[in-house]
Amino acid sequence: MSPCIRVPVLVVGGGINGAGIARDLALRGVRCALVERREFGSGTSWASSGMIHGGLRYLQKDPDVTLHSCVDSGAIQRIAPHLIFRIPFVMPVFPEDPIGPELVEIGLEMYDQYQPFKNGRSHTRLSRAEALRLEPALSPRLECAFTLDEWGVDAARLTAANALDAAERGAVVLTHTELVEWLREPGGGRVVGGRMRDRINGEEFVIEADVCMNAGGPWVPKLAALAGVEVRLRPGKGIHLVFERRVSNLAVYARGVDGRDMFTFPHEQNSMAGTTDDDFYGDLDRLEATEDEVAYVLQAMERSIPSIRRHRVTHTIQGVRPTLWGFGKNEDELSRDYVVVDHARDGAPGLFTIAGGKLAAYRLMAEDAADRLCTALGVREPGRSATTPLPGGDGALDVLATAKRFRTPVAAVVRLGFRHGTRTSQVLADHDTDLPMDGATAPRVVCACEPVLDAELRHVVTREGVRRLTDCTLRVRLGVGACQGAGCVGNAVAVLADALDWSAARCVEEVRAFVDERWRAVAPALGGSHLAAMEIHRHSFLAGRGFTS
Amino acid sequence: MKAVVVGGGLAGSSAALELASRGAEVTLVCAAPGATALSWGTLDVAAASPLRRGGLPLRDPASGHPLAPIVRLHAVAAANPAHPYATLFRERGPEEEVKEAVAALDAWLAPSGLRVHGSLAQTRWLADVHGALRAADLAFSGAGEGDLEGAEEIALVDVPGLPGFEVRSALRTLAAEMAAVGLASRALSIVRLALPEALRDDAAQPARFARNLDADAARGALQDAVAALGAEGRLLLVPPVLGLDPAAGTRAWFEATAGCRAAELVGAPALSLAGFRLDRALGAALSRAGVERIAGRVERVEIEGVRVRGVQLAEPGPPSRPADTAMLPCDALVLATGRFVGGGIVERGGQLVEPLLGLPLHDLAGRRVDSLAANQLVRGDYEGEQPLFGTGVRTDMRLRPLGPDGLPRFANCFAAGDLLGSFDPARDRTGLGVALLSGRRAGIEAAAC
Amino acid sequence: MLRGYRGFAHEFSRTGSLRALWMQLRTGAAHAARRALGRNASGDPIGIFLRNYAGDGFRLPGAEIAALSLSAEACLVCGLCSAECARSGGTPRIDPRDAVIAAARMAIDWVRLELPEPIASPCAACRACETVCPAHIPIQQVQEWLAAPRS
């Protein structure tokens, strides 16, 4: 008989929605199990634009969406101030644009009324000269421009933070664990849990639950089908190009050849350009940007930033939106609304599904879903997710003092602060305990580009449940900089091997999987000054650390 | 006769030194270090990668006998008729020439304190900073003295605070790989170098640490700590930070102080000073041979019909200012500008191009690719064949680059090194070997033209 | 002036709800009135921008800085600069490789954290690092930029 875990709620899917729901439930004292097939947020959440924006474009259709997004954006700032950063936007208006500047400004004036909900700043209007002074890279053809204020977020860390908070409050949280089949009551009725398989060690076990939540994002239809239920989505693939570093200080709006809005925006250490939106029919597990998508994005950006092609693109980010089904519309025009479905009406009572939505509204969606689940369980606790800080979000980090105490470069502590907030000291204290503890040995840099320290790698393995090298791309931003892992992966896998007792063969497997993933992201956009770096990359992995066969 | 060589890596330096030894007046133009300066200490002519998918085997599959490097070289040329080895050795066998080339290289580098270790009769096993084994036929001083065979006991030296070396994981990997190739009978251990207080901060910066070891002050402070590491029959393997200047003899000092064999681990991109040392030693050899070295870039090549007349130089750095320098005349031109790292092939306006002469480029399979974008020449399997990374110029048997019509574009222009097409040095582990052999041959051909 | 309102019909037709329509009409009317009266909402937008975002580390970009940042993008993370700096006996405040990789981000973070205080000499400015950089990055300028006084 396989081992069994019994919980009131089983949440399948560790993206922002699943993690958010698990956390919300945990805050209400409802114990749940959260299972994720790969790494937290590794499906759609990490590949989003990474902005908790207010939804400017919904002002026309439905201002309520904008209101809720702005209010919730404010909530996310309160509970995770360390994960977010300001991104000021500039919207150039060109003479040939279909919408004139006065209309644009009216729209922004409407948006200004919502900004206070998210500590946002009002718009300003710039003349041509002022715009070019503020952002010299803009195309000089513009007639005027407007600034706008939004917030950016590390979506992968936000997802992980929710999952970790849930775990700390008693939830059973498992990564690299997939649902094999739903468990049904005899007679094919109620869904009462699931049979799981750990994808790393192959072990199977059972989780029994009173209610189950399908939060699989674009995998929602597949998971629902396992219960004989149909959920229709129109999955929309979106890519971003990631530049080696910031190409502009502000986010710059650009319009695609088909009129779609896109932007090149500073995000963490880099700038990103995107995004696309195309109906997707392919393999969700091996997503890759295409040359066409790359060309489309660059063409759009060139209109607003003529020099964009001179900049070095290191890799792409790609994901598939779990957009709700709608027939006859363009991908862009599909509703970003979300839905929580009780499948009792489909013959599978006990199973719920959440689909649609967007990252910025995750907390509201999770609260709504948790409300529904609690009603089904007969629990009457109110949600607390808007007011309880996420791990690391309960104050400000004293960067200088921490850097001094642990003899760590300030630049490294700043980056740690963005990921771990007030828990940074705990992270730094986790460095190699086998070395003499005389204060003279400091955490060592493993990845120079970020930088990532060996202490942080040890921390995420021992305290955040990281199980594979590929997890580290999302969890600590390993290998996403200029070198794409050439200089750091060998050492990173060694730190993990130490902590997780990996054999040499396992290390090779992990490195191979990591490199495979990097290559899928690099190849579609490879060119220009990135060629030399990838030549070195290839020498490093093929001629250097030879993979055993 | 006047010769100009463009590119100062192993290929360009070999060509320049050959030309100089044959009495030519040689000017070597070099914009910046390239792939040679980033190498990590092994001289791979046709190195085996028995533990890697698609790598050259160590042993003959039929007889089980170890393959000599020369035999592997033959195999490389046979498998890919467009490989530079096939071009170089179509008419004459490689045995003599390879021996001569290695001896020449050793002679060039010896005055700088760098020697070539190993032989072409037998493969040796070296270990790298990750604990992985490298089958190295030849290797330079530093790592070259680290042949694992003949050591009863092997100890990895942990240098506290030094980034880029995770010693416990390296030990585990080394143990596993040694077992896989039948070297398991040796004892493996970790020993820790007790760094005095004064040297601990510097350990965080490998290059600075290495330089300190070249000086008496640090050596004095480390005397006892190093002596404590030694044991009879032991081979000490140290991360590659034993000095920046080979002439200072830091590795030899370490060995003498420890009282047992000591060598460096072969490096990795984040931690490899071997290429840096090789690059400097080649520069010193060029100076000794009377080669004029100019730090600069070739802006334009003067052409008259099928002959190259001279080159126009500019400051090193990206092309930004118009050149205002006089032309440097030459009777022969050798291009050893490398591939992407060296800038011998670049992507401009979404197309791959050879920037100096606009020579046609061919990929791994020999297809013409110079109007294509880089991202059109990549394939999904990272470890498999990648047309992009085998792109370069095609040449005739005298190493003269071919024009669009398949005939040598110029009578007195030659190409060598990574610029040559249809070989993927990362995958087939022939990078420095091709550089040395094609560089020397280009120099010989240029001297004779 | 009317050109500024082009696209009015199209956008009007896309209005999704009565609430949205009411908001648009109200805001639009106020906007048109302000424009007619010649009042511009943003007095000194550059000044406003700097006031709003200086605390987040944003500064007005200069053409030189943009060019420097672009040249730093070509970094191969090869470490030859660090090696040559060490060989030349340099003791820079920040290792040249780290300076180049993180220059853009460090500059922003250091403005945000108001550190470091102006550095008298970030390095010896011997430019030995530049002679070996395969990407021809003006590393010394990068070091100076990072060391420049915050303003």
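Me: Leaving aside neighbours within four places in sequence, what is C:E130 in contact with?
Reply: Setting those neighbours aside, C:E130 is in contact (heavy atoms within 4.5 Å) with C:I137, C:P138, C:I139, C:Q140 and C:Q141. This is a predicted model, where local features need pLDDT of at least 70 and side-chain atom pairs pLDDT 80 or more, while totals for chains, interfaces and linings use all residues. Residues are numbered from 1 along each chain as its sequence is written, chains are lettered from A and ligands numbered from 1 in written order, and side-chain values use heavy atoms, without hydrogens or water.

Me: Thanks! Is C:E130 buried or exposed?
Reply: C:E130 has a relative accessible area of 18%, so it counts as buried (under 20%; exposed is over 50%, partly exposed in between; 1.4 Å probe, protein chains only).

Me: Switching topic: how many residues do chain B and chain C each bring to their contact?
Reply: Chain B brings 18 residues and chain C brings 19 residues.

Me: And what area do they bury between them?
Reply: About 1,500 Å², with 64% of it on carbon and sulfur atoms; this is the accessible area (1.4 Å probe) lost on putting the two together, summed over both. Of chain B's buried area against chain C, 34% comes from B:P33, B:R208 and B:F276, more than from any other three residues.

Me: How many salt bridges cross that interface?
Reply: The rule (Lys or Arg side-chain nitrogen within 4 Å of an Asp or Glu carboxyl oxygen) finds two between chain B and chain C. A salt bridge links the side chains of B:R280 and C:E84, at 3.6 Å from N to O.
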